[in-house]
Amino acid sequence: MGALDHLSNMFDCSGGSNRKYKKRKQLQTVEIKVKIDCDGCERKVRRSVEGMKGVTSVSIERKQHKLTVVGYVEPHKVLSRVAYRTGKKVELWPYVPYDIVEHPYAQGVYDKKAPAGYVRYVDDPYQNQLARASSTEVRYTTAFSDENPAACAIM
């Protein structure tokens, strides 16, 4: 907040109280993983979110068990509403396309339950270290490789 804003707030002649204005929510896309088996489940999940304030569109992909909500909403509120209204276990969409991940088939990142073309997104730094080797580790492992005997001066 600049000096002019501060002075204009001090000498406000509007007569109203000096209250803070609410920030407007951003338009967001919230992707949720929820088990959807039949038409009834799909209808139940869709109705749980459609009446929510700020929701502009709802789309469901039944085969991937994916609910996509677009609107001026907060992700944790959408999660809690779907869980409360449907009684199902819900979580934020944990998968990313395997093109984004450096080593998609490394232990700790690869998930057999992931939809085709996706791998589980891992936020834990310890599992990320298992999935991605540093440059020094790569140098040491390739230096003593049987496939490249000229790489090591000791051999």
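Predicted model: local features only at pLDDT ≥ 70, side-chain atom pairs only at ≥ 80, totals over all residues.

## Helices across the sheet

Begin by selecting helix 2, residues 39-50, which lies across strand 1, strand 2 and strand 3 and runs at about 165° to strand 2.

## The whole chain

Now display the entire protein chain as a cartoon. The protein chain contains five helices and six strands, and along the sequence these follow the pattern α-β-α-β-β-α-β-β-β-α-α. Of its 155 residues, 26% are buried. Among contacts between residues at least 6 apart in sequence, 55% join residues at least 24 apart.

In what order do the four strands of the open sheet stand? The order is 2-3-1-4, with antiparallel pairing. Select strand 2 (55-61) and strand 4 (90-92), which stand at the edges. Each of these has a single partner strand, so one side of each is left without a neighbour in the sheet. Neighbouring strands of this sheet are turned by 25° against each other on average, direction ignored. As a general point, the strands of a sheet pair through backbone hydrogen bonds, either parallel or antiparallel.

Select strand 1 (residues 28-34) together with strand 3 (residues 66-71): six bridges pair them in the antiparallel sense. Within this pair, Lys33 stands opposite Lys66 of strand 3.

Strand 2 and strand 3 run antiparallel and are joined by six bridges. Ile60 has Leu67 in strand 3 as its bridge partner. These two strands form a hairpin with four residues between them; in the turn, select His65, whose phi is positive at about 60°.

## Glu42 in helix 2

Return to helix 2 and select Glu42, which is found there. Is Glu42 buried or exposed? Glu42 has a relative accessible area of 18%, and therefore counts as buried. Show the side chains around it: leaving aside residues up to four places away in sequence, Glu42 touches Ile36, Ile60 and Arg62. Ile60 is the residue already seen as the bridge partner of Leu67.

## Two cysteines

Select Cys38 and Cys41. How many disulfides does a search of the whole structure find? The search finds zero disulfides. The cysteine sulfur nearest to that of Cys38 belongs to Cys41 and is 3.6 Å away; a disulfide requires the sulfur atoms to lie within 2.5 Å, so Cys38 is in no disulfide. Cys41 is likewise in no disulfide. Cys38 is partly exposed, with a relative accessible area of 36%, whereas Cys41, at 14% relative accessibility, counts as buried.

## The aromatic pair

Finally, select Trp93 and Tyr95. The structure holds one aromatic pair. The ring centres of Trp93 and Tyr95 are 5.2 Å apart and the ring planes stand at 80°, so the pair is edge-to-face. Both Trp93 and Tyr95 are buried.

Lys66 lies over the face of Trp93, at 4.9 Å from the ring centre.

Technical notes:
Residues numbered from 1 in each chain as written. Heavy atoms only, no water. Phe/Tyr/Trp six-rings, centres within 6.5 Å; stacked < 30°, edge-to-face > 60°. Buried < 20%, exposed > 50% of the residue type's maximum accessible area, 1.4 Å probe, protein only. Lys NZ or Arg CZ within 6 Å of the ring centre and 35° of its normal. Pairing = 2+ DSSP bridges. Axes fitted to C-alpha atoms, helices over the stretch in contact; angles between N-to-C directions. Contact = heavy atoms within 4.5 Å.
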